[in-house]
Amino acid sequence: MHAIPQTERFPLQALARCIRETAQNLPFARPVGEIRAIGQSAVEIGGLSRWLHLGSRVEIATKRGPELAEVIRLDRDYALCRPYDARASISLTDNVYPRGELAFYPHESWRGRIIDALARPVDGGGTLRHGERPAGLAATPPPAMARQIVSRGVATGVRVIDTFTPICLGQRIGIFAGSGVGKSTLLSMIAHSASFDCLIVSLVGERGREVREFVEHTLGSAAHNAITILATGDESAMMRRLAPQLATSLAEYFRDLGQNVLLVMDSVTRYAHACREVALSAGEPPVARGYPPSVFTDLPQLLERAGPGAANQGSITGIYTVLVDGDDHNDPVADTVRGTIDGHIVLDRSIAEQGRYPAVNVLASLSRLAPRVWTADQAKAVRELKRLVARFEDTRDLRALGGYVPGADPELDRAVDLVPKLYRILGQQAADPPAADPFRDIAAALSGGL
């Protein structure tokens, strides 16, 4: 018997794999499971454990059509599965079939489209064109030592960000805010930056009423270059957990093509809520304010996939909104995200109540990569401005009570003179043109006061 040449082995292996996959989908060859129990959040399936693993899918043949579910817990005798559709009508007589991993085939033509967490179009624009290369949902980031070094700054056009918390290509930064403090408006201003080749937006747990408004008004002219992945608040926790993973996989696809991608996720807190709901239904115990341990593993795994690519690849610049419950910036999700990413922009409700937008608290905000963007003079100017702002805010109550006497404290006199001017120049609306040189604008507004 002649040995098979090395050049012929791989086609034969590919053919064998194709035959196996085809055989698994034939009705007479597929293993069949049964529904053993149906709960409010999960379905117990027997007879399929040997063909399944955590994260794989099953197809439930209901009377209304096939329903997809994911394995969230696996035992020798049964598998606990959670349907992607919260409204799935499942009965004890339905058959169940294994479906393997969830995969999709992204394509450049997806730009400008709105899809759900299963990569199905929801914008009425027709079917999506599929690419040739499959992409999974649980990809690993490039090896740490193979990644490019982040060094190139991004001009967002937002004065307060470009001055105090500048962003670099490949950086991951969080916008920490309570509800109604202007984070969506700030996201729209960043999304219009011309520094990126592609925009990926993940809307997790949003109100259905706000989706069209976000795409048409918030994104506006940037929508044609964006792929929006949508999972509204009324969808299942499985879909809300899946949407950020799909968005990150799409960002990785375009990064591998050599493009610089802006990934906007609103919000990572609702992703954590979805992960918590799934983990609790799988039987995990809560350990920190109701969050099971796996949530604090899922968050870094998702966030670490963004960042700079390896050589000859592009980058993924991640903007993650963190919805702080009750304006508590020290809740477990906020702490975990802040410790993982490369900086945080804090939106302050008290600043928004004063009518100052963007409501960025420059003293509480930080970009860990800012020194790679600032010149020596700019870094010195920022330190001086922060010192004056801190002095101005620390004495706000004193001045309100009439305890401030001009001339008694030269540094306080300077802060009282310059900080209100600084606040006025940092104010910016979404309709305003982007700032080309924020340091020059600030210097002009302060009239050489620094």
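This is a predicted model: local features need pLDDT of at least 70, side-chain atom pairs count only at pLDDT 80 or more; totals for chains, interfaces and linings use all residues.
## Angles between helices

Angles under 35 degrees count as roughly parallel, those over 145 as roughly antiparallel, those from 65 to 115 as roughly perpendicular, and the rest as oblique.

## Helices H6 and H7

The axis of helix H6, which covers residues 268-281, and that of helix H7, which covers residues 295-303, come within 10 Å of each other and cross at roughly 135°. The two helices are therefore oblique to each other, and the crossing of H6 and H7 is right-handed.

On the H6 side the residues that take part in the contact are Val268, Tyr271, Ala272, Cys275 and Arg276, and these meet Val295, Asp298, Leu299, Leu302 and Leu303 in H7. Sorted by class, this contact of H6 with H7 has eight nonpolar residues and two charged ones, with no polar residues.

## The barrel

Six strands close into a barrel, in which the order is S1-S2-S5-S4-S3-S6 and the pairing is antiparallel. Neighbouring strands of this sheet are turned against each other by 45° on average, when direction is ignored.

Val71 has Cys81, in S5, as its bridge partner. Helix H6, already described through its contact with H7, also packs on the sheet, where H6 touches both S4 and S5, and the direction of H6 makes about 150° with that of S5.

Technical notes
Residues are numbered from 1 along each chain as its sequence is written. Side-chain values use heavy atoms; hydrogens and water are left out. Two strands pair if DSSP finds at least two bridges between them. Helices (H or I, at least four residues) and strands (E, at least two) are DSSP runs, numbered from the N terminus. Axes are lines fitted to C-alpha atoms, for helices over the stretch in contact, and angles run from 0 to 180 degrees between N-to-C directions. Contact means heavy atoms within 4.5 Å. A crossing is left-handed if the near helix is turned anticlockwise from the far one by less than a right angle, and right-handed if clockwise. Ala, Val, Leu, Ile, Met, Phe, Trp, Tyr, Cys and Pro count as nonpolar, Asp, Glu, Lys and Arg as charged, and the others, Gly among them, as polar.
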